[in-house]
Amino acid sequence: VRNGAASAGRLPPPAEGVSLWPVIVRAADNQTALLGVVRTQSQMYSGGDGSAGHLTLIQIGGGAAREAGSLPLGGVINIRACFDEEDQRNRQGACSDQYWLVSRIALDETSTDAPRFTLRTEAATFPGRLSRGEDSTQKPPLQQSDLVWTRDETCSFERTYARGGDGIYAPNEALPACADYLEP
């Protein structure tokens, strides 16, 4: 207890895949604040690896803490695509299918009520347009022109997260299904 304030508890010990978001957002009423917990899930498997992160918002105020929403942070997936010399030739040496999604979260400073957040994501695949639901070894051989990063228009988007009547932050539109990037 210090200056009349009592401890509401302690943070859990650091755990693999869990960290604090380096931002604290105070509400205009100065009675509540939002903290964030970043959860990162990683997976190693024969022929590849992946990791994906999500931000869970925690509202602190009125002597209580509660979960107030979740936002995708990003993901990186690498899948081996060459198993022999013929595969290496057919793929022009691009022996890994790569999926990349990154998010940028910004505070919407035009909001005078509860804080709002803008989430912007960019997603891309290499080489060329890929889907984890397809077997890339069954496709025709790659051409040199295929060896480029290709923007995924569906999973590159912008949403505004605002607090609803239930106190939960939700996007203004549904999020597209981007499991290729966010589920290692």
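Mentor: This is a predicted model, in which local features need pLDDT of at least 70 and side-chain atom pairs count only at pLDDT 80 or more, while totals for chains, interfaces and linings use all residues. Residues are numbered from 1 along each chain as its sequence is written, and side-chain values use heavy atoms, with hydrogens and water left out.

A search of the whole structure finds two disulfides, a disulfide being a pair of cysteine sulfur atoms within 2.5 Å. In one of them, the sulfur atoms of cysteine 82 and cysteine 95 are 2.1 Å apart. This pair links distant parts of the chain, 13 residues apart: cysteine 82 is in the loop between strand E5 (64-80) and helix H1 (85-90), and cysteine 95 is in the loop between H1 and strand E6 (96-108). Helices (H or I, at least four residues) and strands (E, at least two) are DSSP runs, numbered from the N terminus. The torsion about the S-S bond is about -80°, so the disulfide of cysteine 82 and cysteine 95 is left-handed. Cysteine 82 counts as buried at 9% relative accessibility, whereas cysteine 95, at 24%, counts as partly exposed; buried means under 20% relative accessible area, exposed over 50%, and partly exposed in between (1.4 Å probe, protein chains only).

Cysteine 155 and cysteine 178 also form a disulfide, with their sulfur atoms 2.1 Å apart. Cysteine 155 lies in the loop between strands E8 (150-151) and E9 (158-163), and cysteine 178 in the loop between strand E10 (169-171) and helix H2 (179-182), so the pair ties together parts 23 residues apart in sequence. The link of cysteine 155 and cysteine 178 is left-handed, with -110° about the S-S bond. Cysteine 155 is buried at 3%, and cysteine 178 counts as buried at 7%.
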